[in-house]
Amino acid sequence: GAVFVLDGAIAVVRQANRLVALPAQPADYAAAVAERLAEAVLGAGDFTTSAGVVDGRRVTVAAKPGVAVTASGSATHVALLDAATSRLLYVTTCPAQAVSVGGTVNFDAWSVEVGDPV
């Protein structure tokens, strides 16, 4: 029961086909696209689903090194987008990093975890 429900939430995250660096929490998909500082393309092979660290389920997003910076600013958030359906799927913070057009940014591997229901 619970694993099936949790995998449903993880399946939504796995629909992401873009990973973007942002200067702030976006209000919606349009804001994430307009404000992106760098963007990496994602495919099914960039996601690994497993048991959560404590409980629940986890999906790990693969590292994306050397991604071209398309706008200068301070990256403080990363977001997963589904460009095919214009959906903002997940947003989280990251350590602030100044980026400049012409440079690159490295996205380290990171995870989204959904805990067991209480």
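In the predicted model, 6 salt bridges are present. Side chains of opposite charge can pair when their charged atoms come close. Glu-39 takes part in a bridge with Arg-18, at an N to O distance of 2.9 Å. This pair links distant parts of the chain, as Glu-39 lies in strand 2 (residues 38-41) and Arg-18 in strand 1 (residues 18-22), 21 residues apart. Glu-39 also meets Arg-36 in a salt bridge, with 2.6 Å from N to O. The relative accessible area is 29% for Glu-39, 23% for Arg-18 and 28% for Arg-36. Each of these values lies between the 20% and 50% limits, so the residues count as partly exposed.

A further salt bridge joins Arg-87 and Asp-82 at 3.4 Å, N to O. Arg-87 is partly exposed at 30% relative accessible area, whereas Asp-82, at 6%, is buried because its value is under 20%. Over the whole protein, the mean positions of the 7 positive and 10 negative charges are 6 Å apart.

The fold comprises 2 helices and 9 strands, arranged from the N terminus as α-β-α-β-β-β-β-β-β-β-β. The C-alpha atoms fill a box of roughly 50 × 25 × 25 Å along the principal axes. Of the 118 residues, 35% are buried. The accessible surface comes to about 6,100 Å², with 57% belonging to carbon and sulfur atoms. Among contacts between residues at least 6 apart in sequence, 68% join residues at least 24 apart.

Notes
Residues are numbered from 1 along each chain as its sequence is written. This is a predicted model: local features need pLDDT of at least 70, side-chain atom pairs count only at pLDDT 80 or more; totals for chains, interfaces and linings use all residues. Side-chain values use heavy atoms; hydrogens and water are left out. Helices (H or I, at least four residues) and strands (E, at least two) are DSSP runs, numbered from the N terminus. Buried means under 20% relative accessible area, exposed over 50%, partly exposed in between (1.4 Å probe, protein chains only). Contact means heavy atoms within 4.5 Å. Accessible areas come from the Shrake-Rupley method with a 1.4 Å probe; for residues, only the protein chains shown count as cover. Lys and Arg count as positive and Asp and Glu as negative; His and the chain ends are not counted. The place of a charge is taken as NZ of Lys, CZ of Arg, CG of Asp or CD of Glu. A salt bridge is a side-chain nitrogen of Lys or Arg within 4 Å of a carboxyl oxygen of Asp or Glu.
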